[in-house]
Amino acid sequence: MSDKKVILVVDDDVDILEQTKILVENAGFSVVTAESSNEGWLKFQEIKPYACVLDLMMEEYDSGFILSHKIKKDAHGKTIPVFLVTSVANATGLRFDATTEDEKSWIKADAIMNKPVVIDDLISKIDEFYEKADAVK
Amino acid sequence: MNTDIKILIVDDEDNLRTAVKKILQMEGYTVSTAENGTKGISIGSSDDFDVVLIDLKMPDISGMEVLARLRQVKPNTSYYIATAYASYETAVEAIKLGAEGYILKPFTPDELLHDIRKGIEKRRLIIEAEELKREREANLLELAFERSRLNTVIKSITEGVLVVNKDREAVYFNPAFIKLLKADELELARNVSDVLPYPIYEMIDNMLNDSSSEIKTQSDEFKTDADGDLYVEVSVSPILGNDHSMDGVVLVVNNITTYKQIELLKNQFISMVSHELKAPVAATLGFLEILTNPSIILPETQQIEYLTRASARLKSLIEMVNDLLDISRSELNTVRREIRPVIVQKVIEEVLLLFENEAAKRNIAVEIKYEENIPLINVDPNEIERLLTNLVSNAIKYNKNDGKVLISVHKSAKYVEISVEDTGIGMKPGEKEKLFNEFYRAKNEFTKTISGTGLGLSIVKRILDYYQGYVNVESEYGKGTRFIIYLPYIDEHNTNQH
Ligand SMILES: Nc1ncnc2c1ncn2[C@@H]1O[C@H](COP(=O)(O)OP(=O)(O)OP(=O)(O)O)[C@@H](O)[C@H]1O
Ligand SMILES: [Mg+2]
């Protein structure tokens with residue numbers, strides 16, 4: 001691989017996974033994919049990505065939450081943006097949106113995005129994250 | 001006239017007792033006397049006196065104690081303390097203990113009579129007020145047909161009922177009302193504003209304030225438990241008098257908790273369905289966007305692959321919609337069944353024909369084993385075919401290449417048992433539990449490349465429920481799975497008798 005920045009994409013829908021890969025690559029990044037939260041966690045530790053995009057509902061309806069929580073506890077994970085994507089934000093009956101402070105602090109993701117991911121949004125959110133991080137330094 | 005009025009004198013001084021007794025008897029009062037405190041208490045509590053005059057200083061017990069003890073049993077009597085030793089403290093204490101006043105010795109007959117009359121008047125007022133209250137309650141009760149049959153009926157219904165008059169006072173209510181609204185403090189003639197939850201009181205108040213000529217019943221739903229366990233529907237209707245003016249309102253309270261719970265389940269189901277429908281649409285759209293994106297150039301083989309994958313997703317979407325329609329039909333009970341005696345083996349053979357190709361492609365051997373004398377079952381053949389199709393489809397889909405499927409039919413005491421056994425990927429114990437839930441699909445390394453909607457087994461379950469049958473699952477991860485279907489069969493004995 002070249003010196004392109006690596007983004008980890010985790011989704012159990014192989015079609016969506018492949019599409020995201022193509023689009024993110026097209027935007028100039030290099031992409032590593034994983035089809036389950038376990039695989040995602042292993043790849044995360046191995047490649048130490050520049051950003052993570054995690055599907056919310058995988059093996060369980062909240063697998064993405066748990067994975068993002070784990071990543072954000074990791075020393076490297078604390079320094080990178082982690083995004084959750086879901087098609088059920090605001091869904092009736094099931095609560096997946098992080099509304100209370102408690103939920104936000106628990107979830108730890110930097111943003112929850114709607115599916116399908118709009119790549120331009122994703123890229124600008126990644127840039128924003130790093131600009132803010134630089135400003136703090 | 002005055003003989004109706006009873007007065008008691010408690011004093012240890014004989015002269016004074018006789019003198020006072022004479023004065024009062026001349027006025028026509030009925031007078032009793034007690035020569036010490038102990039007797040004063042026993043006489044005073046054995047009759048209803050209008051006025052009791054008590055000497056402060058007596059050899060056995062003090063006048064204050066006599067007063068205190070008598071007040072406890074006869075609160076409506078007027079008491080006077082008589083003493084020669086007037087002091088501010090004793091006066092205050094006497095009043096505190098409930099004495100009407102304080103008579104300073106020595107006194108003139110006029111002074112005595114003045115105080116006695118005041119005491120009599122005071123007692124009359126108290127008793128009148130009490131009688132008025134009792135009468136009023138009796139009226140209210142009558143208005144609310146206490147003692148009538150209707151009352152018994154309303155008391156026994158599960159709906160809560162409350163009647164409120166124009167003054168916002170409770171005129172009638174039944175036990176269910178107290179229970180549903182947890183209004184333990186509610187009592188007759190009490191203003192309901194501080195007993196009912198404010199929004200419910202507001203409904204009552206608004207209606208009573210409404211001066212328009214046509215007032216309609218108002219209904220609303222409320223949660224009555226802080227922890228949200230109980231939902232009620234409250235309807236308020238006007239009670240119109242003969243002159244068409246409003247006499248009050250009646251509230252009817254219904255427990256709608258079960259209905260609310262079903263509504264919640266329904267909403268959850270809808271949100272789950274939306275999610276499941278969105279996934280294939282999003283995947284298809286994603287492929288189309290990539291294929292039409294001018295900045296992404298793909299080799300032709302890959303373009304064709306993506307188009308193929310997109311149409312596979314759409315096909316699965318159609319299957320899912322068909323399954324959902326099936327489910328909704330069975331929920332709405334609009335399934336048109338043609339129930340008749342069916343030979344299970346025949347249906348199995350028909351179903352297997354559908355899967356011949358697929359099984360051959362993956363070199364899966366399908367074997368059938370029937371016992372003799374399998375009885376007929378009374379079912380809609382289409383429904384049983386759908387049930388078996390789902391099971392056989394799974395046995396092949398979740399099998400390994402070169403695997404095996406064994407279908408056997410067995411007769412037990414009550415059921416025809418159909419077993420569909422495979423040598424496939426099996427399931428983990430946790431996965432087995434959720435199998436029959438709508439949209440549940442086990443997610444493990446074997447299943448990720450196998451497509452499906454997760455509705456097949458939930459349909460199997462629904463069909464079995466309808467025929468009072470059931471299903472058992474045995475499975476070992478990586479080894480294989482066995483579904484056993486139990487369907488009640490036609491009992492020859494019974495059918496012959498009819
Ligand atoms: N014979 C089997 N062996 C292993 N796993 C099975 C078997 N049958 C069912 N399962 C598991 O149970 C899940 C639910 O099955 P179900 O038939 O309801 O849905 P599906 O096969 O995924 O979709 P479809 O609605 O297309 O049938 C499957 O996704 C699979 O994980
Ligand atoms: Mg199936």
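Predicted model: local features only at pLDDT ≥ 70, side-chain atom pairs only at ≥ 80, totals over all residues.
If you colour the side of chain A that touches chain B by residue class, you will find 9 nonpolar, 5 polar and 8 charged residues.

## The contact as a whole

How many residues does each chain bring to the contact? Chain A gives 22 residues and chain B gives 20. Between them, the two chains bury about 2,000 Å², and 52% of that is on carbon and sulfur atoms.

Together they supply 25% of the area that chain A buries against chain B, more than any other three residues.

## A salt bridge inside chain B

Over all chains, the structure holds 34 salt bridges. Among those within a chain, take B:D14 and B:R17, whose side chains meet with an N to O distance of 2.8 Å. Why are B:D14 and B:R17 separated by about one helical turn? Because they are 3 residues apart in helix α1 (residues 14-26) of chain B.

## Around ligand 1

Now for the ligand. Ligand 1 is surrounded by 20 residues, and the closest are B:Y398, B:D422, B:R441, B:T453 and B:L457. By class, this shell has 9 nonpolar, 7 polar and 4 charged residues. Three elements of chain B each supply at least two residues of the shell: α12 (381-397), α14 (456-466) and β17 (480-488).

Which atoms of the protein lie beside the oxygen and nitrogen atoms of ligand 1? An N or O atom in the side chain of B:Y398 is 2.8 Å from an oxygen atom of the ligand. A polar backbone atom of B:G456 sits 2.9 Å from an oxygen atom of ligand 1. On the nitrogen side, a polar side-chain atom of B:T481 is 3.2 Å from a nitrogen atom of ligand 1. How much of the ligand does the protein bury? Taken alone, ligand 1 exposes 600 Å², and the protein buries 97% of that.

Notes
Residues numbered from 1 in each chain as written. Chains lettered and ligands numbered in written order. Heavy atoms only, no water. Near = heavy atom within 4 Å. Polar contact = N/O pair within 3.5 Å; in protein donor to acceptor, adjacent residues only side chain to side chain. Areas by Shrake-Rupley, 256 points an atom, 1.4 Å probe, with all protein chains shown as cover. Helix = DSSP H or I, 4+ residues; strand = E, 2+ residues; numbered from the N terminus. Nonpolar A, V, L, I, M, F, W, Y, C, P; charged D, E, K, R; others polar. Contact = heavy atoms within 4.5 Å. Buried area = accessible area lost by both parts, 1.4 Å probe. Salt bridge = Lys/Arg side-chain N within 4 Å of Asp/Glu carboxyl O.
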